[in-house]
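Open the structure in your viewer and keep the selection tool at hand.

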Amino acid sequence: MDDQELGFKAGDVIEVMDATNREWWWGRVSDGEGWFPASFVRLRVNQDEPADDEAPRAGAGEAQNSVAEAPSSKDQMRTNVINEILSTERDYIKHLRDICEGYVRQCRKRSDMFSEEQLRTIFGNIEDIYRCQKAFVKALEQKFNQERPHLSELGACFLEHQADFQIYSEYCNNHPNACVELSRLTKLSKYVYFFEACRLLQKMIDISLDGFLLTPVQKICKYPLQLAELLKYTHPQHRDFKDVEAALHAMKNVAQLINERKRRLENIDKIAQWQSSIEDWEGEDLLVRSSELIYSGELTRVTHPQAKSQQRMFFLFDRQLIYCKKDLLRRDVLYYKGRLDMDSLEVVDVEDGKDRDFHVSVKNAFRLYCGASGDSQLLCARKPEQKQRWLKAFAREREQVRLDQETGFSITELQRKQAMLNASKQQATGKPKAVGRPGYLIRHKHPALPASRPQQQVLVLAEPRRKPSTFWHSISRLAPFRK
């Protein structure tokens, strides 16, 4: 962007010329020199390792010596990685302490400038992160072998604290809101002066508050990189090898979990918009209990009494199955008809043939049975493969609920209300201003819902295209109807 900024690609090796500033380094890559963010790169801990083409060509005796020295060289590389992990953790703890003591504590003293809600929005749960990281770095230091650092066993520390790292999910999801709130406040000079005074009192480097608050987001993504480097220089016979291997897998899962939660929270706005587009909605909001669309499609619903059958659109969310009726004229307009609680339902596969309970012949069917009330209903798909997709979707729904319970994922009341408010605003601004036309002419097609995975597309059966009718054109030519 700027003449003095250094451009580079992933995988480039940059020679650092000046690293006196923590955030911006001066470096050289290929023929170019310039400034670049230190957070965009990581130090090569194996830079002292000799390249293959530089290895001395030795005789038999010298070869034995090189074999004897090889493990010590690898041990030195492992020592470098361990020192880097401990060093970055200590720097990070200081960074968190500066934010908590330099900003959060000072902001709490100024209730005339900040409400508690504003502070939660700006700083999220950074104080909880600070407490967890202090315990984590203490555990790392206890496992550090000062006399023989390469024998240090750090893998177990990551495994013991992997559940604690999940609190980063809340922080990462809140971070965009923090940026928006800070942007709004820093338009006022008194907040700019206040934040600058906090920075100077805490003797922090010259970076804006939003830059400091980005560090936890970056930190949680660096752990898999550090553990991968540690595993690279850990002998398979090392006591720490299996723990480091397991820790790498665990931290990748933590990062994946954070990304998954972020994706789901981004989707709740779309779910709220979908609900607001459904006509005649009844009962509580969908987001009170659900946050993920698992599958959807059209099924034939058979219920008591007299085995009444109806064509309905079904939408399977976590914990709920919503079914709607299509408008007779506008097939893309849906009317709410009911919902089923998936927590109390059992899904049973039904063989093709005559059903004993409903006394009707069914094909591609499955039964939803409620054990508490004893009620049941049949749902029939058009094709066998559609039935199998539904059965797999019901299994995924139960698995999703189980994972959410294990990881403690839920939508807060504030997030739900904000999503519904955004949906109502969008619906109000999106409607045309036509007056006096039939309702079906001014309604919009319901917005597409996000699928839980790319391969799970939301299935809506397409209606056959009808040719435009010439009835009104012909009848208007008749004399009796002319004015």
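Predicted model: local features only at pLDDT ≥ 70, side-chain atom pairs only at ≥ 80, totals over all residues.

**Aromatic pairs.** The count of aromatic pairs comes to 23. Select Phe 136 and Tyr 223, an edge-to-face pair with 6.1 Å centre to centre and 85 degrees between the planes. Phe 136 belongs to helix 3 (residues 126-143) and Tyr 223 to helix 8 (residues 215-232), so this pair ties together parts 87 residues apart in sequence. Phe 136 and Tyr 223 are both buried.

Next, select Phe 165 and Tyr 168. Their rings form a tilted pair, 6.4 Å centre to centre, with 35 degrees between the planes. Phe 165 is buried, at a relative accessible area of 3%; Tyr 168 is buried too, at 1%.

**A cluster and a charge.** Select Tyr 103, Phe 114, Tyr 191, Phe 194, Phe 195 and Phe 212 together: they make up one aromatic cluster. Then go to Tyr 130, where Lys 134 lies over the face of the ring, 4.6 Å from its centre.

**The cores.** Which residues touch the most other members of the largest nonpolar core? Select Phe 114, Phe 123, Ile 126, Phe 158, Phe 165, Phe 195 and Leu 213, out of 57 residues in that core. Helix 1 (residues 60-109) supplies the largest share of this core, with 13 residues.

Stay on Ile 126. Neighbours within four places in sequence aside, Ile 126 is in contact with Leu 96, Ile 99, Cys 100, Val 104, Tyr 171, Leu 213 and Pro 216.

For the last stop, select Leu 265, Trp 274, Trp 281 and Phe 317, which are among the 22 residues of another core, lying apart from the largest one.

Terms used. Residues numbered from 1 in each chain as written. Heavy atoms only, no water. Phe/Tyr/Trp six-rings, centres within 6.5 Å; stacked < 30°, edge-to-face > 60°. Helix = DSSP H or I, 4+ residues; strand = E, 2+ residues; numbered from the N terminus. Buried < 20%, exposed > 50% of the residue type's maximum accessible area, 1.4 Å probe, protein only. Lys NZ or Arg CZ within 6 Å of the ring centre and 35° of its normal. Core = buried A, V, L, I, M, F, W, Y, C linked by side-chain atoms within 4.5 Å. Contact = heavy atoms within 4.5 Å.
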